[in-house]
Amino acid sequence: MTIWNLFNLMGGLALFIFGMNLMSDGLKLAAGSYLKNILETLTKNQFVAMCVSAGLTALIQSSNAMCVMVVGFVGAGMMKLERSVGVLMGAKIGTTITGQLIAFNISEIAPVIAFVGVVLIMIFKKPAGKNVGNIITSLGVLFIGLGMMSSAMKPLANESWFQDILTGVSNPILAMCVGFLFTVIIQSASASVGVLQMMVLNSVIGFDQAFYIMLGMNIGASVAPALASIGGRKDAKRVALIVALFETIGMLLFMILTNVIPEILNWMVATSPDNPSRQIANANTIFNVVTVIVLLPCSKYLVKLSKLIVRGNDEEEEGNTLLFIDMSGYQTGTVLLGQIDSEVGRMHQLASTNLEAATKIFYEKEVISEDKFRKNESSLDFLNKEITNALTRTNTMNLSVTEANHAGHLYHIVNDFERIGDHAENMLGYALTMKKNKEKFTGKALKDLKQLSLAVYNIFDLACEYFYAPDAETYQVINDMEEDIDDMVAKMRNSNIKRINKSKCGATEGLYFTEILVDLERIGDHSMNIAKSVKKYPIVRRSEA
């Protein structure tokens, strides 16, 4: 084997991994937000969840991506831990499709496939067409890389030094460790198994040895979800642990079975006697399918075990803290947007609480303490800044058109929530000053204030509902409510002037009342802005899973 064989091997591996990653990214973009919504709304039936997840993973060609998404969704509270197990197991079955595809070994026509993809990229102007071209191009590049690796590996089979290395890893446990480390390095079980298939195809290693390396590669695939859960909530860590438990239990099961019944390895070889690459692909599929068959009925016990190992509940920290967004950067755009959605939900609750507190203090009673109010306002300012930073990060990620529109929408939403919080702070300031100076509104003024406040509550709540489920009828209702608020403010401003002129209230109280009207009217305007923003950037409803 010459240095050029080594260079070809390295180049082939690079092209193969690049093609696989490019294809996965392209397929995820083609699936768009549908992938996210299907995962979020999966049925409670674990078997159906497993089947759907297997299909989705086969589509995007990456169990790592699927598992990382699940970690992110569970950590953001968008999917329950108990419902994630079927999805995770389905991902392990779906990822084996990549090996089956590689086993066709169409390297000879790979350049033609890549050429067709490039032509499509050049012809199509719309993103959807270019994305199809990218997928086809990546498929061609993937098989070109496989062809280069295959050619470069052939001389290895006759190299004495390489045979000595293989003899050193003939032990099943050591072979498994080699597979584990290789997958951790290249961060893709599908790519690892693909390389293994080329080695077996060119008689570089035998099937038995390759089988145990393949077991280690599957365990190595659990590292990506583990990394994604670092710094996350406890349920996110439990998801990563369930993935590791699945792979480890499966490995132990097959280590025992193949040593007690060695004929199992021969049966796997017999599934495709003339195609060594297909033998490894079939073995990988059998390993994952059998492990799912054994563990799917025990899914609730896996959840219990994960809770036993990762104990306790997350403490809901108050103050300037991100609860859902993972700043480690180990996530996809889809996951990050889901986490941002959950933080935006926090802003909604904080703004709503402060709005009610700042108005009801005039005509009912104190809803929350002033200290709590100030903490909420500080959190609104903090979240506005941090969510905006997180949205900026999504610009560097591969987002579908729908996801990019949603991100554009969120830029507007968080600013409106922060401004609503500012107007609430203004009103609380007036209330505290009046209380200090022992100033009060007249009964009619309080009645008007309560009527206007209730109208503002309604438009704000409806605008936030529209944020999750936009439709033309609701938009028109919000528009009409905003016009009604403007009319109410105009009439109440005139009534306030008459009270001042008739000396029914002092000038100072009249001035405060006018300022409060302005703040409430502005909150109505910001609620309308939320609806207009959603209308400008249509989004798909985010259902609670």
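These legends describe close-up views of a predicted model.

**View 1. Helix α20 and the residue that follows.** Helix α20 covers residues 401-436. At 1.5 Å a residue, its 36 residues should span 52 Å. The C-alpha atoms at its ends lie 53 Å apart, which agrees. After α20 comes Lys-438, with a positive phi near 55°.

**View 2. Helices α18 and α21 in contact.** Helix α18 takes in residues 333-363, and helix α21 residues 443-468. Their axes come within 10 Å and cross at roughly 170°. Angles over 145 degrees count as roughly antiparallel, and α18 and α21 are therefore roughly antiparallel to each other. From α18, the contact residues include Asp-341, Val-344, His-348, Leu-355, Glu-356, Lys-360, Phe-362 and Tyr-363. From α21, they include Leu-446, Leu-449, Lys-450, Val-456, Tyr-457, Phe-460, Asp-461, Cys-464 and Phe-467. By class, the residues of the contact of α18 with α21 are 13 nonpolar, five polar and five charged.

**View 3. Helices α14 and α16 crossing.** The axes of helix α14 (residues 234-260) and α16 come within 10 Å. They cross at roughly 105°. An angle of 65 to 115 degrees counts as roughly perpendicular, which makes α14 roughly perpendicular to α16. In α14, Phe-246, Glu-247, Ile-249, Gly-250, Met-251, Leu-253 and Phe-254 make the contact. They meet Ile-286, Phe-287, Asn-288, Val-290, Thr-291, Val-292, Val-294 and Leu-295 of α16. The residues of the contact of α14 with α16 comprise 11 nonpolar, three polar and one charged.

**View 4. The second largest cavity.** Three cavities of 30 Å³ or more are present in the structure.

View 5. α11 gives the most, with three residues.

Terms used:
Residues are numbered from 1 along each chain as its sequence is written. This is a predicted model: local features need pLDDT of at least 70, side-chain atom pairs count only at pLDDT 80 or more; totals for chains, interfaces and linings use all residues. Side-chain values use heavy atoms; hydrogens and water are left out. Helices (H or I, at least four residues) and strands (E, at least two) are DSSP runs, numbered from the N terminus. The expected span of a helix is 1.5 Å times one less than its number of residues. Axes are lines fitted to C-alpha atoms, for helices over the stretch in contact, and angles run from 0 to 180 degrees between N-to-C directions. Angles under 35 degrees count as roughly parallel, over 145 as roughly antiparallel, 65 to 115 as roughly perpendicular and the rest as oblique. Contact means heavy atoms within 4.5 Å. Ala, Val, Leu, Ile, Met, Phe, Trp, Tyr, Cys and Pro count as nonpolar, Asp, Glu, Lys and Arg as charged, and the others, Gly among them, as polar. On a 1 Å grid over the protein atoms alone, a cavity is a set of points where a 1.4 Å probe fits but cannot get out, and a pocket is an open set with protein on both sides within 12 Å along at least five of seven lines; lining residues have an atom within 4 Å of a point. Grid points are joined across faces, edges and corners, and a volume is the space filled by probe spheres set on the points.
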